Structures are given as structure tokens and as C-alpha cells.
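Welcome to a short tour of one protein chain. Please have the viewer open, and let's go from the whole to the details.

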Amino acid sequence: MTTTTESNFSFGSDRQKIFKFDSYLRKLSEFALRLQLKDLVPALDRILKRLETGTFCIAVVGEVQTGKTTLTNVLLGANILPINSLATATLNHITYGLTPSVKIVFQDGQHQKITVEQLFAYTEDLGDGVENIAETIAQLDIEYPFRYGQNDVEIIDTPGIDSYGNVNPSTASVLPNIDLAIFVLSAESFLSDREQNFLETQLLTQDLGKIIFVINGSDRVRNEEETNELVKIVKEKLQKQVIKNIITQFDRHSAEYINCLGKIGQLKVFCISAADALQAKLDSDNELLNKSRSIGLEKNLERFLDREKGLITL
């Protein structure tokens with residue numbers, strides 16, 4: 001057998017590399033089946049499935065009532081997901097589709113198809129029983145023609161970390177398979193003990209460069225100077241948390257330690273008002289959109305998807 005070194009991987013575009021990588025994985029999967037490596041086979045199958053679909057997965061995560069769903073609506077450019085209702089208590093998968101639609105997938109495997117407009121009415125009709133119904137639902141599968149979705153991007157709006165620091169099982173189940181996490185923090189109580197624990201146990205197991213931190217609530221900060229100071233404080237706090245984490249995880253002379261340490265200064269932290277940004281998009285109000293500070297976040301996200309999507313997939 002010929003050993004393949006890194007220098008052999010000099011293909012052309014990312015697409016060519018992915019195609020080549022796919023063929024190697026299929027051969028590896030065949031060997032795993034022959035050798036009865038039961039743990040390896042399903043893992044390879046998951047990777048192959050993702051390569052086939054070409055989907056790049058972004059998860060919006062954070063504590064309850066930090067504005068995750070509002071921010072998801074901002075990225076969609078429309079008020080699709082109802083706030084403080086069924087949509088915030090379940091896993092919401094949003095993919096590109098020319099005809100907007102919602103499929104409610106229940107825990108027992110049954111599903112119900114409704115329109116996006118009916119989603120608001122559906123949650124309002126449930127009233128106080130929304131939490132009970134939410135327990136019977138596995139997820140909402142939503143198709144909508146949002147601009148990021150045209151590039152095979154899927155957005156997952158996840159249930160929040162509760163007041164006891166518990167992570168919803170459905171949130172925990174998707175995190176190992178995401179390509180980018182947008183971690184929403186509150187401007188009033190950023191980086192609580194619960195958030196720091198979630199960051200350490202759930203997110204820092206991945207590449208630090210695959211996390212965007214969003215402090216939501218710039219409309220509650222008095223001025224630009226205070227907003228910038230808030231971003232600085234959060235960055236410093238995050239850096240301390242990350243350094244503490246990598247010291248316990250890696251040897252100081254290891255490549256992993258050096259790589260993580262090099263990325264600490266590149267932490268992506270933004271302070272926005274998701275509520276203002278959504279209202280601005282609904283009203284086509286450019287002045288309010290600028291005030292919301294969401295333009296910087298979305299430009300950074302666009303650059304990230306343009307430059308790093310293929311590399312992260314690989």
C-alpha cells in the first residue's frame with residue numbers, strides 16, 4: 001500500500017478536493033465494514049452524507065431570552081420565527097426554498113405541513129399549552145428564500161440554555177455536526193457562569209475560529225464609547241476563559257496549544273441590537289439598520305462564508 005502524504009493533496013479547487021476526499025472516505029468505509037469497526041462506520045456515513053449534500057451548517061446558540069430567535073430572523077431578513085413561543089422551545093432547521101413552508105416534525109415520526117404565515121397563528125392558538133406541545137415536537141423544518149441559503153447554508157435556531165444551566169438534548173445533539181456557531185450573549189449579563197460552562201464544555205471542543213460571539217442589546221447601551229468598551233471587556237473575559245481551557249486540554253509545546261493560542265487574538269465579537277436590526281429590515285430603514293450595528297456582523301459572516309466555507313467543509 002502506498003502511503004499518501006500531505007504533499008499529494010495538491011488538487012485544484014475546494015470542490016475538487018472534496019470530490020477526492022469523498023472517494024478516499026468511501027474506500028475507508030469499505031475497509032471499516034470488512035474489519036467490523038462498528039464505531040467508525042456510522043461516523044464515516046455522517047461525513048459522507050454531509051459531503052453529498054454540501055450543506056454548511058450554522059447554529060445560533062445561547063441562553064434563553066438573549067435574542068437568538070430574533071437574530072435568526074435578522075439573518076433570514078424577515079420575521080419568520082415567532083418570539084417567546086413554540087419556535088423558541090424547539091430545534092428550527094432553516095434551509096433555502098423558493099416557496100416558504102414549515103414542516104412540524106413530531107417525536108413519534110409524524111409531521112404536519114403548514115405555511116410560514118400559519119406558524120404564527122399555530123403558536124398563538126396553543127396559548128398556555130405551547131410548552132406541552134413543544135415536548136411532542138422534534139423540530140421545525142423551514143424552507144425560505146434567504147440569501148445565505150443560496151450557497152447551501154443551513155441555519156439552526158436552537159433552544160436556549162435554561163436558568164439552571166441545562167443544555168437542551170436537541171441542542172447538544174446538533175453541536176458536533178455544525179460548521180459555525182453564533183453564540184448570543186446578553187448585553188446586561190454577558191458571560192454568566194452558565195454561559196462560560198456551555199462555552200467550555202460544548203463549544204471550545206471545536207475550532208475557536210468557528211465561533212462568532214454576538215452581544216445582543218446595544219440599544220440598551222448609552223453610546224458608541226460604552227458599546228466599544230463592552231466589546232473589549234467581553235473579549236478579555238473570553239480570552240481568559242479560552243487560555244484557561246487550552247492550558248488544561250493541551251501540552252504547552254503541542255501544535256494544538258500553539259494553534260489555539262494564535263487564534264485568541266482573532267476572536268470575533270460583535271455588539272448589536274437584533275430587535276432594531278429586524279425592525280430596520282422589515283421597514284427598509286437604513287438609518288436604524290446602521291444604528292443596530294448588525295451590518296458589521298453580517299459583512300463578517302459573508303466574508304467568512306466566502307473565504308472559509310470550503311476549507312471548513314474539508
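## The chain as a whole

Buried residues make up 46% of the 314 residues in the protein; buried here means under 20% relative accessible area, exposed means over 50%, and partly exposed covers what is in between, with a 1.4 Å probe and protein chains only. The protein has 13 helices and nine strands. These elements are DSSP runs numbered from the N terminus, with helices being H or I over at least four residues and strands being E over at least two. Among contacts between residues at least 6 apart in sequence, 75% join residues at least 24 apart, a contact being heavy atoms within 4.5 Å.

Residues are numbered from 1 along each chain as its sequence is written, and side-chain values use heavy atoms, with hydrogens and water left out.

The predictor's confidence in each residue is given as pLDDT, from 0 to 100. Its mean over the protein is 81, and 84% of the residues reach 70 or more. Helix α11 (residues 274-283) has the highest confidence, at a mean of 96, while helix α6 (residues 130-134) has the lowest, at 57. Over residues 1-12, pLDDT stays under 50, and the model has eight contacts beyond four places in sequence for this stretch. Where pLDDT is low, the predicted coordinates should not be read in detail.

## Helix α9

Helix α9 spans residues 224-249, 26 residues in total. How far does α9 reach from its first C-alpha to its last? The distance is 37 Å, close to the 38 Å expected at 1.5 Å a residue; the expected span is 1.5 Å times one less than the number of residues. At the start of α9, a side-chain oxygen of Asn223 comes to within 3.2 Å of the backbone nitrogen of Glu225.

The buried residues of α9 include Thr227, Leu230, Val231, Val234, Leu238, Gln241, Val242, Asn245 and Ile246. An α-helix has 3.6 residues a turn, so residues three or four places apart point the same way. Take Thr227 as an example: this α9 residue is buried, with a relative accessible area of 3%. Not counting residues up to four places away in sequence, Thr227 touches Val221, Cys271 and Arg293.

## Helix α11 and its surroundings

Which residues of α11 are buried? They are Ala274, Asp276, Ala277, Leu278 and Ala280. The axes of α11 and helix α3 (residues 68-76) come within 9 Å and cross at roughly 35°, where axes are lines fitted to C-alpha atoms, for helices over the stretch in contact, and angles run from 0 to 180 degrees between N-to-C directions. The contact is made by Thr70, Leu71, Asn73 and Val74 of α3 together with Ala274, Ala275, Ala277, Leu278 and Lys281 of α11.

Ser294 belongs to helix α13 (residues 294-313) and is buried, with a relative accessible area of 1%. Just after α11, Ser284 takes a positive phi of about 55°, although Ser284 is not a glycine. Ser284 sits in the loop between α11 and α12 (286-292) and counts as exposed at 63% relative accessibility.

Gln65, in the loop between β1 (56-62) and α3, has a positive phi of about 60° although it is not a glycine. Gln65 is exposed, with a relative accessible area of 74%.

Is Leu81 buried or exposed? Leu81 is buried, with a relative accessible area of 0%, and is found in the loop between α3 and α4 (86-89). Leu81 and Val116 are 35 residues apart in sequence and 8.5 Å apart in space, C-alpha to C-alpha. Thr99 lies in the loop between β2 (91-95) and β3 (101-106), and counts as exposed at 59% relative accessibility.

Key: Predicted model: local features only at pLDDT ≥ 70, side-chain atom pairs only at ≥ 80, totals over all residues. Polar contact = N/O pair within 3.5 Å; in protein donor to acceptor, adjacent residues only side chain to side chain.
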